[in-house]
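Subject: Two-chain model for you to look at

Hi there,

Here is the structure I promised to pass on. Please have a look at it first; my notes follow below.

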Amino acid sequence: MQPLNHDMDELMRKAAADYPVKPQGADWQKVAQQLQTPSPEPVTKKGYGGLKKLLLIFPFLLAAFVCDRYFPYQRGVFEKHTAAKVPQANTNGEGSKTKAPGSSVTRPVLQPAASATEMVGKQLTFMPHDKRGQTGGDITAAPSTKGLPKSMGVLKSSENYGPANVEWKRRYAPGADYLATAPVLQKVHVVTVPYNGINNTPKKSTTEKNNPRLKKLYLTLLAGPDISRVKGQRLEAPGYSVGVLFGYRFAKHWLVESGLYWDRKNYYSKGDYFKTDKIYLPYNSKILEVEGYCDMFEIPVNARFYAVQKPRSALVVSAGLSSYLMQKEDYTYAYERYNTVYSSTKYYRKASKDWFSIANISVAYEQRLGRSTFRLEPYIKRPLRGVGIGALPLSSAGVLVGLTHPIR
Amino acid sequence: LTGCIAADAKCQKLLYEQYYGYAFRIVFRYIYRYERVPDVVNDGFVKLFRNLHAFTGLGQEEAEPQLLGWIRKIMVNTAIDELRRTNLMPEIGGIPDTVWEETSTYDNADALLLYKELISHVKSLPPSYGAVFNMYVIDGFSHQEIAKQLGISVGTSKSNLFKAKAYLQNILKKDTPTAGICNL
């Protein structure tokens with residue numbers, strides 16, 4: 001078989017060199033005309049794509065950090081609660097501020113009502129270590145357990161407790177003569193309760209408990225029409241957008257939201273905006289018009305801010321970035337070649353993935369419906385760079401309608 | 001060639017006219033439609049003149065064979081681009097007799113007739129098979145180069161070549177049962 005193949009190959013090569021075809025259609029003028037037109041410059045990619053993405057995400061990360069650091073979600077509740085309880089607890093502490101012996105500085109030192117031995121079996125509140133000394137009355141001895149939350153710790157051991165105020169002095173009056181009582185200090189046992197073990201949050205009202213907006217994690221189903229256009233050109237028939245989003249509330253007013261949309265976008269563009277680097281066109285062709293649609297997955301990452309909050313409704317401003325993962329692009333081209341206009345239809349599957357190429361801005365109106373929340377969200381999407389196989393600067397606008405359901 | 005590199009239109013025209021027939025024969029093997037071949041050949045020449053400064057065979061003794069090889073490569077690439085543009089869609093309709101030269105006046109008329117038949121059969125292959133067959137058997141590309149150019153795997157390229165050869169052998173056996181052309 002192999003020698004036969006070699007013979008055949010040789011014969012084919014001879015045939016290809018000498019076969020009698022008429023080489024007609026030579027037209028030097030066409031070639032000369034094409035040679036006079038400047039050749040298209042090769043497109044070089046700049047190497048700053050990754051850096052740009054990071055720079056775009058940075059403001060959101062910064063905002064999230066600042067909000068989490070300075071406006072933490074419900075962090076003030078614990079302090080408010082203890083502050084409210086302190087005056088009630090210090091019934092025997094005449095004057096919560098005393099001048100510590102040997103110290104010229106007035107410090108907020110508690111005078112315990114009784115020795116530690118007397119306090120066995122009675123309830124005490126314990127602050128976490130990092131909170132002590134901040135509120136001025138962080139360890140509270142309460143002669144009565146009435147009105148105190150269940151979260152308070154109970155002193156369990158009763159042996160060899162020294163004078164209780166030694167501990168206070170050691171902690172809050174460093175200039176005091178507590179060194180003389182050091183042996184006694186060794187016998188003092190301080191029972192500490194882990195911070196996480198204390199349920200310091202007050203009992204929420206029924207309204208607050210059921211408010212879906214106060215839940216940290218939620219799920220949203222959204223759908224709506226979508227209108228797309230390229231650089232303010234002609235509008236095509238509306239497409240649509242359907243998706244599911246997951247949200248996380250990390251501060252009282254701030255949330256971050258992401259998920260997955262399935263989008264259909266219809267659009268039209270002149271050939272000037274359609275880049276032909278990734279498509280195959282006949283040489284010396286110029287695209288005049290493109291009309292088509294694309295189906296894609298969209299991954300949005302948005303930061304949301306509760307601008308107005310009412311008991312049953314809210315207004316939320318949202319901004320973020322979207323990534324387009326093209327699944328199918330279908331185009332009808334009109335292109336010109338040697339002064340003749342041709343039409344061609346092509347489709348491309350999974351031709352491009354444009355990460356963080358779209359900026360989202362939206363305002364959502366939310367209305368509470370039982371445990372769920374109805375959402376009406378008009379949006380605008382502006383391109384940060386071209387998307388799809390033709391790198392079209394595709395803008396979109398539309399209205400999303402959906403339901404939000406709390407998860408946790 | 002020096003004049004062509006210097007963008008001298010007269011030199012370019014001379015080279016174009018001298019090698020047009022050679023280029024045409026290459027492209028016609030790939031492009032089924034006769035009327036589309038001139039456009040592809042012209043596109044190939046535009047590419048050639050624009051990139052002639054990169055031709056390394058200038059001034060050497062065997063410059064012409066190198067130039068012919070260079071033209072062949074450019075024409076094949078241009079033809080493949082055209083095929084890819086049409087997604088390697090098979091063409092319908094036959095090849096009119098008017099595209100062939102009259103061979104009866106030549107000394108080697110029988111051989112030319114045979115060559116014409118062979119090329120007609122190659123052109124009747126599906127574009128994906130025909131492109132691989134042309135590139136590998138006639139134009140001397142490797143399977144790796146073919147795979148890269150056509151956007152297929154090396155395995156697909158080999159498979160297409162095998163099928164193309166089998167297809168041609170079958171046709172030639174039917175056409176010339178007693179011809180004895182190397183026992184094809």
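Contact here means heavy atoms within 4.5 Å. This is a predicted model, so local features need pLDDT of at least 70 and side-chain atom pairs count only at pLDDT 80 or more, while totals for chains, interfaces and linings use all residues. Residues are numbered from 1 along each chain as its sequence is written, chains are lettered from A and ligands numbered from 1 in the order in which they are written, and side-chain values use heavy atoms, with hydrogens and water left out.

**The two chains**

Helices (H or I, at least four residues) and strands (E, at least two) are DSSP runs, numbered from the N terminus. Chain A has seven helices and 14 strands, whereas chain B has eight helices and zero strands. Buried means under 20% relative accessible area, exposed over 50%, and partly exposed in between (1.4 Å probe, protein chains only). On that scale, 39% of the 408 residues of chain A are buried, and for the 184 residues of chain B the figure is 48%. Among contacts in chain A between residues at least 6 apart in sequence, 69% join residues at least 24 apart; in chain B the corresponding share is 67%.

**Where they meet**

In the interface, 40 residues of chain A are in contact with 48 residues of chain B. The two chains bury about 4,300 Å² between them, 65% of it on carbon and sulfur atoms; buried area is the accessible area (1.4 Å probe) that two parts lose on being put together, summed over both. On the chain A side, A:Y19, A:P20 and A:W28 lose the most area to chain B, together 18% of what that side buries.

There are two salt bridges between chain A and chain B, a salt bridge being a side-chain nitrogen of Lys or Arg within 4 Å of a carboxyl oxygen of Asp or Glu. A:D9 forms a salt bridge with B:K165, with the closest N and O atoms 3.5 Å apart. The elements giving two or more residues to the chain A side are α1 (2–18), α2 (28–36) and β10 (313–337) of chain A, and α1(A) gives the most, with 13 residues.

**The cores**

A nonpolar core is a set of buried Ala, Val, Leu, Ile, Met, Phe, Trp, Tyr and Cys residues joined through side-chain atoms within 4.5 Å. The largest has 61 residues, and those touching the most other members include A:M12, B:F28 and B:F133. Helix α2 (residues 9–30) of chain B gives the most to this core, with ten residues. Beyond its neighbours within four places in sequence, A:M12 is in contact with residues including B:L118, B:V122 and B:L168. A second, separate core of 19 residues includes A:I279 and A:Y333.

**Salt bridges within the chains**

Over all chains, the structure holds 17 salt bridges. In chain A, A:R264 pairs with A:D295 at 2.4 Å between the closest N and O atoms, linking strand β8 (residues 254–270) to strand β9 (residues 285–309). A:R264 is partly exposed at 24% relative accessibility, and A:D295 is buried at 9%.

In chain B, B:R29 and B:D139 meet in a salt bridge (3.0 Å, N to O). Finally, A:E257, A:R304, A:E366, A:R375 and A:E377 are linked in a network of salt bridges.

Best wishes
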